[in-house]
Amino acid sequence: MKRLWTALAFAIIALVGGGTRQTVAAADTITIGFTVSETGALNVDSLAQLHGFELWRDQVNAAGGIKVGGKGYQIRFVSYDDQSRPDRVQQLYSRLITQDNADFLFSPYSSNLVATAAIISEQYGKVMLTTGAAEEKTYQLGNKYLFQLYSPAKDYLAAAMDLMKKKDPTAKVALVYSDDGFSKAVAAAAKARAKELSQEVVMDEAYAPSTTDFGPIINKMIGAHADVMIGGGHYPDGTTLARQMFDQKAPMKFVCMLVAPDSPQFASLGDAAVGLAVPSQWEPSVTYKPQFGPDPATFGRDFQAKYGIEAGYHAAGGYAAGLILQQAIAKAGGLDQEKVTAALNATDATIFYGHVKFATDPQNHGLQLGHDMVLAQWQKKNGQLVKEVVWPDAAKTADLLYPMR
Amino acid sequence: MSLLRQPMLWLILGAMALFAGLPGFGGDVALREGLFLTAIAIILASNLNLMIGYTGYVNFGNIVFFGLGGYFGVWLTTMHGWPLVPAAIVAAILVSTIALFFGLGILRLRGSYFTLATIGINEAVRALVSNIDAWGGSTGMYLSVSVYQPLGGPRQALWIVYFLVIGIMGASLFLSWFIRRSKFGLGLFAIREDEDAASVLGVHPALYKSVIYSVSGFLPAMAGALFFFKNGVIQPDQAFDLTMSTEAIVMLMLGGQGSVTGAAVGAFLYDQLRSTLLTSSMFSQFQLVIAGILLLLIVLFVPGGLIGWIGERWPRLRRVLE
């Protein structure tokens, strides 16, 4: 009996203790930790972001690493699957910092996972570059170590409203969006913008992110005589909504949807994709003149060569996060968190991804101020689906297709 | 003192000491984070055991207590500046009161109808909360870093929350154990075996069921308040996540329903397995597949759960592992 108890006690200690082994990185490496949604609903967007990180790492390592004081530091990644769910994010990020000895952090994908991870970055005073997260609230809680690469959520659909005002001021707008933090914040900002521009909003409806049958919502849109649909959410619901609108022959003149149409995979919808627009953080055809790092065309070409697909903005955001961190480390001349934080606070640069500058006031620390969004639209050129930049005028590669069908 | 001679008492105290001591002494934060989630799992499974294991009513929407407790807790601490502990206690009282009213309504249903109603409650509460603007609607509420200041900054606050959760874990196990040994518990077992016969024998099923439904919500609500306080953000999708409800049921099946140790051991093993698979470089790609296969095997071949199986092999242990 006694032996059984001893054995049981040892078994428990072994099981618990087994998870705590330390990993020690080699001296000349910089370890960056993050979680990826390898499984779950955010998988497509999150993997694109991961590809951006990886391309950056491979190119920097091939060029001899990050140069600090004449020494080249190789970059090492440690990452875990967060399953697109926030419940284990804090556990995994704590582990990345305390066991895997991550020097710096990248964010998970999507606003609510980032909000959860941000607490851990703040708790340990670890710099975290957030990409794939646009919601503003996270940056208004008194954080000191967060730095956002994406333009905030309020910018997403405001551009679509501006474009409509110019193109068709009498168009009736239906706002149909996923009932999640990011999409709701975007839709609320779009509605406010519509009011400012006195554009008529005839419908304002949120759907559950897991919705698979949009029939009733589409019927309601048709019933409300909407000309323009603005909204969407993430990849799965966005593609389903787009396909069902096409199947139901909803007579829309213009559809602008979040996130989903940006993915190169969206082209698999065929004719259902034609005319759909997406507010984008970045498009391969933009023409920014970078102060350092690759230019947009080189990045696009390298990405295509490595992964066989066109780079979307999630991938560009991932690469940009690496590039900005790299520059900050080089400027700080070391891995000291405070010095790198100071260097990031001072960042005001243009790279292939566009202008990058962070808010430094305590109320909004880390919020992206410099970056501008563009509006891209799927159009058919010689029977091929291509994504063209249609707004703003300064960056456009084609005219808006209006009405789209 | 007969209580002091009960092995169960020492088992529970020992488990609490291990949970608090292992990360506490070395200051091992990664271990703490792992055990924190395990402790939450044990709290959820133990309290669910009161419904499923003791009373025979499958509550599929048990996570509603946890989520609602979280909402009340976060609301009181952030919007009204309450200290954490009173906020958690008041949240639990509110949730239990609400549960009592729900219970009086839905516990007239039996079997799968009851189960469906519990899912309905969870979904209804989620939809309701998503539309309460004072609670942030579907974006939820975000905690400012400054709420951790009264507890000595975020680092120390998370340790305090951890020890509080260990306390609630111990309380859950003691609650399960005391109810199991009480006359009230016997009444619940009678309802589980045959509700009609029980009422003929003088048990008042409607009252008993409502009370246990409400009681089984108290500690999970407190745990929810602490969990989301630590989490820093609360959103309807995370607070009322049916997957967590289902997982709690799986934990019960794994350990053995109806038994105090069964619920705890099942929760411990399940949660450790999940987090080990998730972080192992070899299995992380198909950790869900492995977890699924393992659970299938257990349910097929060891339907009584781990503790049930041990009890069959070594009947003498049955008196120890209640």
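How many residues of chain A are in contact with how many residues of chain B? In this predicted model, 32 residues of chain A are in contact with 32 residues of chain B.

**Where chain A touches chain B**

Let's look at the chain A side of that contact. Five elements of chain A each supply at least two residues to the side that touches chain B: the helices α1 (2-17), α3 (89-98), α4 (111-124) and α6 (181-196), and the strand β3 (71-81). The largest share comes from α4(A), with six residues. Sorted by class, the side of chain A that touches chain B has 15 polar, nine charged and eight nonpolar residues.

**A helix to trace by eye**

Helix α2 of chain A runs through residues 43-62, 20 residues in total. From its first C-alpha to its last it reaches 28 Å, close to the 28 Å expected at 1.5 Å a residue. Just after α2(A) you will find A:G64, which takes a positive phi of about 100 degrees.

**The seven-stranded sheet**

Now for the sheet of chain A. Seven strands make up an open sheet with mixed pairing, in the order β8-β7-β9-β10-β11-β14-β15. β8 (201-207) and β15 (384-391) of chain A stand at the edges with a single partner strand each, so one side of each is left without a neighbour in the sheet. From one strand to the next, the twist averages 25 degrees.

Strands of a sheet pair through backbone hydrogen bonds, either parallel or antiparallel.

| Strand pair | Sense | Bridges | Bridge partners |
|---|---|---|---|
| β11(A) (276-280) and β14(A) (374-381) | antiparallel | four bridges | A:A277 and A:Q377 |
| β14(A) and β15(A) | antiparallel | seven bridges | A:L375 and A:W391 |

β14(A) and β15(A) also form a hairpin, with two residues between them. In the turn, A:N382 has a positive phi of about 55 degrees.

Helix α7 of chain A, residues 215-223, lies across β7, β8 and β9 of chain A.

Key
Residues numbered from 1 in each chain as written. Chains lettered and ligands numbered in written order. Predicted model: local features only at pLDDT ≥ 70, side-chain atom pairs only at ≥ 80, totals over all residues. Contact = placed C-beta atoms within 7 Å. Nonpolar A, V, L, I, M, F, W, Y, C, P; charged D, E, K, R; others polar. Expected span 1.5 Å × (residues − 1). Pairing = 2+ DSSP bridges. Axes fitted to C-alpha atoms, helices over the stretch in contact; angles between N-to-C directions.
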